[in-house]
Amino acid sequence: MAKQAEFFAALSDPTRLRVVELLGERPHRAGELAARIGISAPVMSRHLRVLLRAGVISDERGDDARVRIFRLRPEELAATQAWLDQVQAHWNEQLASFKRHVEQRKS
């Protein structure tokens, strides 16, 4: 649960959510992301650090060691989706049980 909380906290910021949307299109350098969103490089760096720490994105060095390429981590998205599916299944079961209980009391 703690991992999902950190994941959702990272996505709770509109700027970071926009970064995720852009990285869903293709990998980007930090400067490209900052330019597309219209924020400064230091602010973008802070947002990227939060997303990296939460495991939402990863980074890699290109041929030039000074250049970092950021990309989504689909395995983290899949893990969070699996957790959401478990939560939904639990609540579907609880609601179905409650419905049966209410219907039995009506009879």
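The model is predicted, so local features need pLDDT of at least 70, side-chain atom pairs count only at pLDDT 80 or more, and totals for chains, interfaces and linings use all residues. Residues are numbered from 1 along each chain as its sequence is written, and side-chain values use heavy atoms, with hydrogens and water left out. Helices (H or I, at least four residues) and strands (E, at least two) are DSSP runs, numbered from the N terminus.

Helix 2 covers residues 14-25. The expected span of a helix is 1.5 Å times one less than its number of residues. Asp13 caps the N-terminal end of helix 2. A side-chain oxygen of Asp13 lies 2.8 Å from the backbone nitrogen of Thr15.

Burial follows relative accessible area: buried means under 20%, exposed over 50%, and partly exposed in between (1.4 Å probe, protein chains only). In helix 2 the buried residues are Arg16, Val19, Val20, Leu22 and Leu23. Seen down the axis, these buried residues fall within an arc of 165°, so they line one face of helix 2. The arc is that of the directions from the helix axis to the C-beta atoms. The face of helix 2 turned away from the buried side carries Pro14, Gly24 and Glu25, which are exposed.

His28 lies in strand 1, residues 28-29. His28 counts as buried because its relative accessibility is 1%. A polar contact is a pair of N or O atoms within 3.5 Å; within protein, one must be able to donate a hydrogen and the other to accept it, and residues adjacent in sequence count only if both atoms are side-chain atoms. The side chain of His28 makes such a contact with the side chain of Arg26, at 3.4 Å. A polar atom of the His28 side chain also lies 3.4 Å from the backbone oxygen of Leu22.

Helix packing comes next. Axes are lines fitted to C-alpha atoms, for helices over the stretch in contact, and angles run from 0 to 180 degrees between N-to-C directions. Helix 2 and helix 3 pack at about 120°, with their axes 11 Å apart. That makes helix 2 oblique to helix 3. Angles under 35 degrees count as roughly parallel, over 145 as roughly antiparallel, 65 to 115 as roughly perpendicular and the rest as oblique. The axes of helix 3 (residues 30-37) and helix 4 (residues 41-54) come within 9 Å and cross at roughly 110°. Helix 3 is therefore roughly perpendicular to helix 4.

Helix 4 has 14 residues, which should span 20 Å. Its end C-alpha atoms are 20 Å apart, in agreement. Met44, His47, Leu48, Leu51 and Ala54 are buried in helix 4. They cover an arc of only 125° around the axis, which puts them on the same side of helix 4. Val50, also in helix 4, is partly exposed at 23% relative accessible area. Gly55 follows helix 4 and has a positive phi, near 80°.

Two pairs give C-alpha distances across the model. Val50 and Arg100 are 50 residues apart in sequence and 44 Å apart in space. Val87 lies in helix 5, residues 74-106. Val87 is partly exposed, with a relative accessible area of 31%.
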